[in-house]
Number of protein chains: 2
Amino acid sequence: MVDSVTAQERAGERSGPRRKEEIFAASLELLAGQGYDAFTVEGVAQRSGVNKTTIYRWWPSKSELLRDALLQSGTLAFDLPDTGSLTGDLTELAGRVEGLLAEPETRAVVEAALVGAVRHPAMRELVTQFLEDRLGRHQPLFTRAVERGELPADLDPALLVDAVAGALWIRLLVRRRPLSDDFTGQLVALLADGISAARERAGRRRG
Amino acid sequence: MVDSVTAQERAGERSGPRRKEEIFAASLELLAGQGYDAFTVEGVAQRSGVNKTTIYRWWPSKSELLRDALLQSGTLAFDLPDTGSLTGDLTELAGRVEGLLAEPETRAVVEAALVGAVRHPAMRELVTQFLEDRLGRHQPLFTRAVERGELPADLDPALLVDAVAGALWIRLLVRRRPLSDDFTGQLVALLADGISAARERAGRRRG
């Protein structure tokens, strides 16, 4: 139960205590189960079985712990697709978001985070950081698409990400409709066709 | 303070008590201020100054009162655009949703409803009914677009509505970013171009 952190470890040889993944998992479970308001470092200590003092040593506040749990936990992570085409990559990406929302545990985390973001400025800041971080991680996908000439360089990828994530949010979490009618596929096809048209127009302007 | 409803009135000659709009306004204010959990018919009576018994006579439950307030109140209503083109109509429609989210009072109602929808099945049912109702009201816009040959008949308009509403939700309520970079215009243009491409493809398949 007792985790000791030496000054050396704290100075950066390690990027967290030994049982970091368990602490992150407990943090996300607690957020999902009780929401942002009721989230406490004490609760995470209890759930993970890691000493409270250890957790505080690495994360002096609730928001620092939650930020690292959201950004670094394997629970919300997925590999970047690289199918060779923007449509393929967007389809894969949308499918992975769909997968996160289909899994009750991760769905509950996403729900608690998005609901908390509307109510609490601190939670909103965390969600914004999370979305920025994911957009940064996905950037190579969009850079490759620009290099292949599939995506106009002046089109903000955040627009695509917000449209896909937002539509999935409304459909799955608000309307609670199944996606069996290939909702994601149709949406990605629509956006991809829209991007092609924008690219062709830009090409004609240059030509 | 005392509103009396005769049997005749109750039987359908009128569709609600005299001070219906005030009751609806008070209901939405209460939802916005306190959320779905703390919403009570008593609270609405207090805020609107209408006798509790009168309200109960027309709306026997909290969810019936909230449903009618969401569906019928002028607060969340807007006229259907008819600009002569699908792109024009979608731009107008997105602008009106943007307007609702820019106004603190209506924004608070939308936030409380969407947040409540994630947490409470009863509130979710109300939001789903509200979205269905709006989609029904907007249907003439999509029917006209199909008649003008602008929208393939097999493309579900709900997809367009979810993408625009979802993207605005993520951008305005989660990320809290301003829309000064013509976010809505770019998104609608992308979707409209995507629809054109889908239509042309469908035309070639037929041709």
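Modeller: Let us go through the chain pairing and then the domains.

Modeller: This is a predicted model, in which local features need pLDDT of at least 70 and side-chain atom pairs count only at pLDDT 80 or more, while totals for chains, interfaces and linings use all residues. Residues are numbered from 1 along each chain as its sequence is written, chains are lettered from A and ligands numbered from 1 in the order in which they are written, and side-chain values use heavy atoms, with hydrogens and water left out.

Biologist: Which rotation superposes chain A on chain B?

Modeller: Copies are superposed by least squares on the C-alpha atoms of residues with pLDDT of at least 70 in both. Here a rotation of 180 degrees, with 0.0 Å of shift along its axis, does it with an RMSD of 0.0 Å. The two copies are thus related as by a two-fold rotation axis.

Biologist: How many residues of chain A are in contact with chain B?

Modeller: Contact means heavy atoms within 4.5 Å. By that rule, 42 residues of chain A touch 42 residues of chain B. Because 100% of the interface residues of chain A are also interface residues in chain B, the copies meet through the same surface.

Biologist: How much area do chain A and chain B bury between them?

Modeller: The size of an interface is often given as the accessible area lost when the parts come together. Buried area uses a 1.4 Å probe and is summed over both parts. Chain A and chain B bury about 3900 Å², 62% of it on carbon and sulfur atoms. In chain A, Leu159(A), Arg175(A) and Leu190(A) lose the most area to chain B, together 18% of what that side buries.

Biologist: How many salt bridges are there between the chains?

Modeller: A salt bridge is a side-chain nitrogen of Lys or Arg within 4 Å of a carboxyl oxygen of Asp or Glu. Between chain A and chain B the count is 2. Asp162(A) forms a salt bridge with Arg171(B), with the closest N and O atoms 2.9 Å apart.

Biologist: Which domains does chain A have?

Modeller: Domain bounds come from an automatic or database domain assignment. For chain A, that assignment gives domain 1 (7-72) and domain 2 (78-206). Their centres, taken over C-alpha atoms, are 28 Å apart. Domain 1 and domain 2 of chain A bury about 1100 Å² between them, 77% of it on carbon and sulfur atoms. On the domain 1 side, Tyr36(A), Leu70(A) and Leu71(A) lose the most area to domain 2, together 53% of what that side buries. The count of salt bridges between these two domains is 0.

Conventions: Buried area is the accessible area (1.4 Å probe) that two parts lose on being put together, summed over both.
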